[in-house]
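Here are my notes on the model, point by point. Please read them with the coordinates open.

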Amino acid sequence: MNEGTMARILLKNVDVITLDRANEVLRGADVAIEGKTIAHLGQVPETWVADEGLDLADHLVMPGFWNAHTHASMTLTRSIGDDLPLERWFNDRIWVAESGLTEEDVYWGAMLAAAEMIRGGTVGFADHYFHQHRVAEVAEQAGLKALLATTLFGAGDELTLEDGIEEALHYHGAADGRIRTALGPHSPYICPSEFLQDVAIAAQREGLMIHIHLAESEAQVAVSREKYGKSPVEHLRDLGVFESPVLAAHCIAVSESDLDIFAEKGVIPVQCPQCHMKLGMGVTPVPAMLARGIPVAVGTDGPGSNNNLAMLEEAQNAALIQKLHLRDATVLAGDLPLRLATTHGARALGFADSGILRVGAAADLIVLDCRKPHLRPRHSLVGNVLYAAHSGDVSHVMVDGRW
Ligand SMILES: [Zn+2]
């Protein structure tokens with residue numbers, strides 16, 4: 001189908017997890033999609049005629065997943081660094097593998113990631129890596145939405161801030177608005193202070209978001225305190241980095257006062273639970289963040305440390321890791337873990353009309369085939385999706401009204 005044609009698609013007899021304000025779950029409903037948006041939900045007027053109808057009895061529709069922190073092309077480093085602590089995983093395996101990385105590698109690594117993401121029901125992703133013009137090509141061709149940031153170290157012979165800005169401005173709004181961009185300084189523990197200050201100024205000047213790694217370990221906090229006399233969060237605040245919208249991956253070693261800074265500045269932390277468990281990193285204090293109104297999102301991180309891009313499993317892990325860590329089965333109850341992985345992610349990446357099913361929202365949705373033993377009986381559809389389903393149950397994926 002050509003871009004721009006106003007296709008009218010009707011999904012019939014389907015169960016719907018809306019993730020709207022009222023936590024509405026509909027049984028045997030109809031969903032009408034017109035062009036890029038949801039036109040009707042529940043009852044569709046008889047006068048509304050579809051070009052394409054799909055009977056989805058025994059299927060379930062919900063908002064697609066948003067992966068709020070990944071390095072898609074790291075599919076190429078999948079399973080080469082298992083069972084190593086963070087520092088050794090980085091230095092002994094990942095940096096070595098990435099030292100010979102070409103643009104072509106980035107393209108095919110991201111294409112493999114796109115295939116995996118679509119199969120698992122991801123509709124949008126925040127990528128932090130090199131050669132982002134090639135990842136932009138992949139997002140465009142695959143039909144995905146994305147927030148792309150070129151990884152910048154701010155020292156050595158790598159890309160300059162100007163390169164990062166140029167690429168960000170060039171691709172912002174590309175692919176008919178499906179691609180947004182951000183500046184991607186690596187982290188406060190790698191980037192020099194002056195560089196981070198320049199990034200902060202440039203982001204404000206150009207109206208760009210910042211996507212960064214932050215507070216991954218207590219060791220990083222200790223080094224920051226020794227070097228700057230403050231936590232990594234305070235350090236970034238004082239450099240002006242939080243004056244623009246910020247997506248901050250990990251945020252494990254954060255204090256109560258760091259969380260107050262996040263709440264005040266609107267910083268959005270991204271928990272990557274499977275990566276945190278696998279690398280033995282610790283636990284992002286998600287309930288404490290949510291209690292402050294911080295709309296934390298969920299990511300997989302790169303497949304070099306996960307080792308996949310399965311966001312449904314990540315939503316499950318987001319709930320399970322907190323329940324175990326806090327020895328409290330009541331935390332992250334109901335559909336909240338699904339919201340973190342959909343609604344919160346979409347908003348965090350700047351796609352505010354996605355991550356929810358309601359009239360007027362973007363038609364970014366997924367269908368799960370429930371004709372499976374592990375999805376019966378159906379006491380709670382949310383419970384079945386969150387704690388019984390897996391990525392392989394996703395049968396259809398739609399972005400901006402296109403399958
Ligand atoms: Zn990362």
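Predicted model: local features only at pLDDT ≥ 70, side-chain atom pairs only at ≥ 80, totals over all residues.

1. Helix pair. Two packed helices are described by the angle between their axes and the distance between the axes. Take α4, residues 161–171, and α5, residues 193–206. Their axes come within 11 Å and cross at roughly 25°. Angles under 35 degrees count as roughly parallel, so α4 is roughly parallel to α5. The crossing of the two is right-handed.

2. Helix contact. Which residues of α4 meet α5? They are Leu-161, Ile-165 and Leu-169. On the α5 side the partners are Phe-195, Asp-198, Val-199, Ala-202, Arg-205 and Glu-206. By class, the contact of α4 with α5 holds six nonpolar residues, no polar ones and three charged ones.

3. Salt bridges overall. Side chains of opposite charge can pair when their charged atoms come close. The count here comes to 22 salt bridges. One network of them links Glu-103, Glu-104, Arg-134 and Glu-137.

4. Asp-58 with Arg-376. These side chains form a salt bridge at 2.7 Å, N to O. The pair links distant parts of the chain, 318 residues apart. Asp-58 sits in the loop between β4 (52–55) and β5 (59–63). Arg-376 sits in the loop between β14 (365–369) and α13 (381–387). Asp-58 counts as partly exposed because its relative accessibility is 31%. Arg-376, at 37%, also counts as partly exposed.

5. Glu-256 with Arg-292. This salt bridge is 2.7 Å, N to O. Its ends are 36 residues apart. Glu-256 belongs to helix α8, residues 256–265. Arg-292 lies in the loop between α10 (286–291) and β13 (297–298). Arg-292 has 26% relative accessibility, so it counts as partly exposed.

6. Asp-393 with Lys-372. Their side chains meet in a salt bridge at 2.8 Å, N to O. The two are 21 residues apart. Asp-393 is in the loop between α13 and β15 (394–398), and Lys-372 is in the loop between β14 and α13. Is Asp-393 buried or partly exposed? Asp-393 counts as buried, because its relative accessibility is 1%. Lys-372 is partly exposed at 22%.

7. Val-367. This residue is found in strand β14. Val-367 is buried, with a relative accessible area of 0%. What does Val-367 touch, leaving out residues up to four places away in sequence? Its contacts are Leu-56, His-59, Leu-60, Val-61, Asp-393, Val-394, Ser-395, His-396 and Trp-403. Val-367 and Ser-395 are 28 residues apart in sequence, yet 5.6 Å apart in space, C-alpha to C-alpha.

8. Cis peptides. The bond joining Asn-306 and Asn-307 is cis, with omega about 10°. Asn-307 is placed in the loop between β13 and α11 (311–325). The bond from Arg-376 to Pro-377 is also cis, with omega near -10°. Pro-377 is in the loop between β14 and α13.

9. Positive phi. Asn-13 is not a glycine, but its phi is about 55°. Asn-13 lies in strand β1, residues 8–17, and is partly exposed at 36% relative accessible area. Ala-215, not a glycine either, has a phi of about 50°. Ala-215 lies in the loop between β10 (209–214) and α6 (218–228). Ala-215 is buried, with a relative accessible area of 1%.

Definitions and conventions: Residues numbered from 1 in each chain as written. Heavy atoms only, no water. Axes fitted to C-alpha atoms, helices over the stretch in contact; angles between N-to-C directions. Helix = DSSP H or I, 4+ residues; strand = E, 2+ residues; numbered from the N terminus. Parallel < 35°, antiparallel > 145°, perpendicular 65-115°, else oblique. Left-handed = near helix turned anticlockwise from the far one by under 90°. Contact = heavy atoms within 4.5 Å. Nonpolar A, V, L, I, M, F, W, Y, C, P; charged D, E, K, R; others polar. Salt bridge = Lys/Arg side-chain N within 4 Å of Asp/Glu carboxyl O. Buried < 20%, exposed > 50% of the residue type's maximum accessible area, 1.4 Å probe, protein only.
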